[in-house]
Amino acid sequence: MKNFKIIIYAWLFGFLFYSGASGHEPIYGNGPHVLFKGGFAPGITMQSFSGFFETEYSLEYGLTNKLTVGTDLIFNSETNSYGYEGIKLKGKYRFYTKYSRGSMLQFSALAGIMFPNNGELQNAINMGIAAGTESVDFYWFASALYLFNPNSSGANQLNSLNYDLTLGYRVTELDYYKPDLVLFVEFIGKHKFGSSAQNNWGNAWSVAPTLMFTFRNYALRSGVEFGVENSGAIPFPKTNFKISIETHI
């Protein structure tokens, strides 16, 4: 009977993942999950702190079972008026997958480029790697993403390393036909490359309790980020709220 239950859980977990509803990933960090071939994932993400408001309208497409491409349209109130900020093109390639009973380990490579609407800003490129395990009960994710601009220099240098570690636990019983809730704790870090002479270097760390609520192929993610520590010229991380709604079709 015990082995039979393990088989049923493993099958159900695989079904959830293929259908797209089990893409439980961090909202602040990055995960390795990709879409199935031919799948679409429209979504909207909103973030707010200290009077600042930003909205990202995203659309992802499963080009293959291993490669997902997408775009983000970004709007914010940075200029004291809510308007179009720019567009980001992105892609994720899953190059390693290992299945075991009721869990799956994945590694993916990430890349993207941001084209800002403000002519005074330069295009920013990012690339990195993400890994994680999704299981019946527990989750972990980790990623490192390098952001750079070949044309930036001096105090305006944009080169930085963003990294994160996420731990999660499923609160509800695994059932595709019932609502599913997973709670996360995300640990977020940033290192900006530079020098003390140019006052453009430093580190910042924060923590974010987050959650993901799914029902079939619809998902709601939300969380609050709290600053923990900073050093150098990087400002102390501001407390902010983030919420995302998406679906896989």
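This is a predicted model: local features need pLDDT of at least 70, side-chain atom pairs count only at pLDDT 80 or more; totals for chains, interfaces and linings use all residues.
**Strand pairing**
- Strands of a sheet pair through backbone hydrogen bonds, in either a parallel or an antiparallel way.
- Strand 1 (residues 40–49) and strand 2 (residues 52–62) run antiparallel and are joined by 10 bridges.

**A buried glutamine**
- Gln-106 belongs to strand 5 (residues 103–116).
- Its relative accessibility is 0%, so Gln-106 counts as buried, the cut-off for that being under 20%.
- The side chain of Gln-106 makes a polar contact with the side chain of Arg-94 at 3.0 Å.
- A polar contact also links the side chain of Gln-106 to the side chain of Glu-134, at 3.3 Å.

**Loop residues with positive phi**
- As background for both cases, most residues other than glycine have a negative phi.
- Ser-50, in the loop between strand 1 and strand 2, has a positive phi near 45 degrees.
- With a relative accessible area of 65%, Ser-50 is exposed.
- Arg-216 has a positive phi too, near 55 degrees, and is found in the loop between strand 10 (202–215) and strand 11 (218–232).
- Arg-216 counts as partly exposed, at 36% relative accessibility.

**Aromatic pairs**
- Searching the whole structure turns up 14 aromatic pairs.
- One of them is the stacked pair of Phe-75 and Tyr-82, with 6.3 Å centre to centre and 25 degrees between the planes.
- Phe-75 is partly exposed at 23% relative accessibility, and Tyr-82 is partly exposed with a relative accessible area of 44%.
- Tyr-146 and Phe-193 form an edge-to-face pair, at 5.8 Å centre to centre with 70 degrees between the planes.
- Tyr-146 lies in strand 7 (residues 138–148) and Phe-193 in the loop between strand 9 (180–192) and strand 10, so this pair ties together parts that are 47 residues apart in sequence.
- Tyr-146 counts as partly exposed at 29% relative accessibility, and Phe-193 is partly exposed with a relative accessible area of 33%.
- Ring pairs also link Phe-53, Tyr-57, Phe-75, Tyr-82 and Tyr-84 into a cluster.

Key
Residues are numbered from 1 along each chain as its sequence is written. Side-chain values use heavy atoms; hydrogens and water are left out. Two strands pair if DSSP finds at least two bridges between them. Helices (H or I, at least four residues) and strands (E, at least two) are DSSP runs, numbered from the N terminus. Buried means under 20% relative accessible area, exposed over 50%, partly exposed in between (1.4 Å probe, protein chains only). A polar contact is a pair of N or O atoms within 3.5 Å; within protein, one must be able to donate a hydrogen and the other to accept it, and residues adjacent in sequence count only if both atoms are side-chain atoms. Rings of Phe, Tyr and Trp (its six-membered ring) pair if their centres lie within 6.5 Å; planes under 30 degrees apart count as stacked, over 60 as edge-to-face and the rest as tilted.
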